[in-house]
Amino acid sequence: MRVTDKVAIVTGGGAGIGAALSTALVEAGNSVLVADLDAAAADAVAARLGERCIAVGGDVADDAVIALMIERVEEAFGPLDIYIANAGTTAGMGLDSTDAAWDTALSVNVLAHVRAARVVIPRWIERGTHGYFLSTASAAGLLTQIGSATYSVSKHAAVGFAEWLSVTYGDKGIAVSCLCPMGVNTALLNSGFDSDAEGASVAASAVTGAGTVLEPEDVARIVLEAMETEKFLVLPHPEVLTFYSHKSADYDRWIAGMRRYRTSLETAARPGQDR
């Protein structure tokens, strides 16, 4: 797909990767609906991007909000071509995570993708158009997330769903990509994994210590380049593929290495230790 003169929805578009993707899409000549739970943030992005961008506030895992987004974007700009399921949450941490935290993590990080795909993919097939579904998962969905069971499990599920979509619909005119970055300079990293919750500081250190923390704009540029060639796995941090290869080549050795890495992070996080 040539990513220009298209109509797109970007969830979680009020900040971070979502705002950068919305900006990059508009600058490339596309029309975009920015959706975010923080309606004011979505409105601010849309106002900055001008007449080719509108906003909707709401829970993008809600079927009614998904229907509203599609209705609004098609009224404003025409048939939807691209759906970017980018909204994410770091709700929950370890075994003490409540059922409510698990529900939030799975709803936002996985089921929001499922519910959107349930609507847009049949529409694209019925119209005979070339649709594009992009899921923002995480390197945690290929590897793991030290410190957070909820994030690791939900992001693994997001990768699995994207794989299934591509296998099932990839030869029916539906392109699917799965974005799996490591550290990106966003509120999700800087605040979500930097809270008073037990394990939060270790989770943050696991991300920031694993490789370069990229800017959202760098990630957005890489995503648009990948979409032009309809690349499934989008890795802004190329080293993730090396880590993933090590994991698949010798799972037990990889787990042992991750245990050592977790121990080193926990030791550094203790009071009186250098970090």
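The lining of the largest cavity has 6 nonpolar residues, 3 polar ones and no charged residues. This comes from a predicted model, so please read every value here as computed from that model.

A search of the whole structure turns up 1 cavity of 30 Å³ or more, and the volume of the largest cavity is about 30 Å³. Which residues line the largest cavity? They are Thr11, Val60, Tyr83, Ala85, Asn86, Ala87, Val108, Ala112 and His113. Two elements, S4 and H4, each supply at least two residues of this lining, and H4 gives the most, with 3 residues.

Besides lining the largest cavity, Tyr83 is among the residues with the most contacts inside the largest nonpolar core. Leaving out residues up to four places away in sequence, Tyr83 touches Ile9, Thr11, Ile66, Met69, Ala116, Val120, Trp124, Tyr132, Phe133 and Leu134. One of these partners, Thr11, also lines the largest cavity.

The largest nonpolar core itself has 41 residues, and Ile9, Met69, Leu80, Val120, Trp124 and Phe133 are also among those with the most contacts inside it. At least two core residues come from each of strand S1 (7–11), strand S2 (31–36), helix H3 (63–77), strand S4 (82–85), helix H4 (99–127), helix H5 (149–169) and strand S6 (174–179). H4 provides the largest share of this core, 8 residues. A second, separate core has 34 residues, including Val34, Ile82, Leu179 and Val234. In soluble globular proteins, nonpolar side chains tend to be buried together.

Now for the overall fold. The protein has 10 helices and 7 strands. What is the order of the strands in the open sheet? The 7 strands run S3-S2-S1-S4-S5-S6-S7, with parallel pairing. At the edges are strand S3 (53–57) and strand S7 (233–234), each of which pairs on one side only. S6 and S7 run parallel and are joined by 2 bridges. Leu179 stands opposite Val234 in S7, and both Leu179 and Val234 belong to the second core.

Across the protein, buried residues make up 50% of the 275 residues. Among contacts with a separation of 6 or more, 69% are between residues 24 or more positions apart.

A few individual residues are worth a look in the viewer. Here are three of them, with their relative accessibility.

| Residue | Relative accessibility | Class |
|---|---|---|
| Val26 | 13% | buried |
| Asp5 | 63% | exposed |
| Glu230 | 32% | partly exposed |

Val26 lies in helix H1 (residues 16–27). Why does Val26 count as buried? Its relative accessibility is 13%, and buried means under 20%. Apart from neighbours within four places in sequence, Val26 is in contact with Val32, Leu49, Arg52 and Cys53. Val26 and Thr4 are 22 residues apart in sequence, while their C-alpha atoms are 8.6 Å apart in space.

Asp5 and Glu230 have a backbone feature to check. Asp5 is not a glycine, yet it has a positive phi of about 55 degrees. Asp5 sits in the segment before S1. Glu230 also has a positive phi of about 55 degrees without being a glycine, and Glu230 is placed in the loop between helix H8 (216–228) and S7.

Methods: Residues are numbered from 1 along each chain as its sequence is written. This is a predicted model: local features need pLDDT of at least 70, side-chain atom pairs count only at pLDDT 80 or more; totals for chains, interfaces and linings use all residues. Side-chain values use heavy atoms; hydrogens and water are left out. A nonpolar core is a set of buried Ala, Val, Leu, Ile, Met, Phe, Trp, Tyr and Cys residues joined through side-chain atoms within 4.5 Å. Buried means under 20% relative accessible area, exposed over 50%, partly exposed in between (1.4 Å probe, protein chains only). Helices (H or I, at least four residues) and strands (E, at least two) are DSSP runs, numbered from the N terminus. Contact means heavy atoms within 4.5 Å. On a 1 Å grid over the protein atoms alone, a cavity is a set of points where a 1.4 Å probe fits but cannot get out, and a pocket is an open set with protein on both sides within 12 Å along at least five of seven lines; lining residues have an atom within 4 Å of a point. Grid points are joined across faces, edges and corners, and a volume is the space filled by probe spheres set on the points. Ala, Val, Leu, Ile, Met, Phe, Trp, Tyr, Cys and Pro count as nonpolar, Asp, Glu, Lys and Arg as charged, and the others, Gly among them, as polar. Two strands pair if DSSP finds at least two bridges between them.
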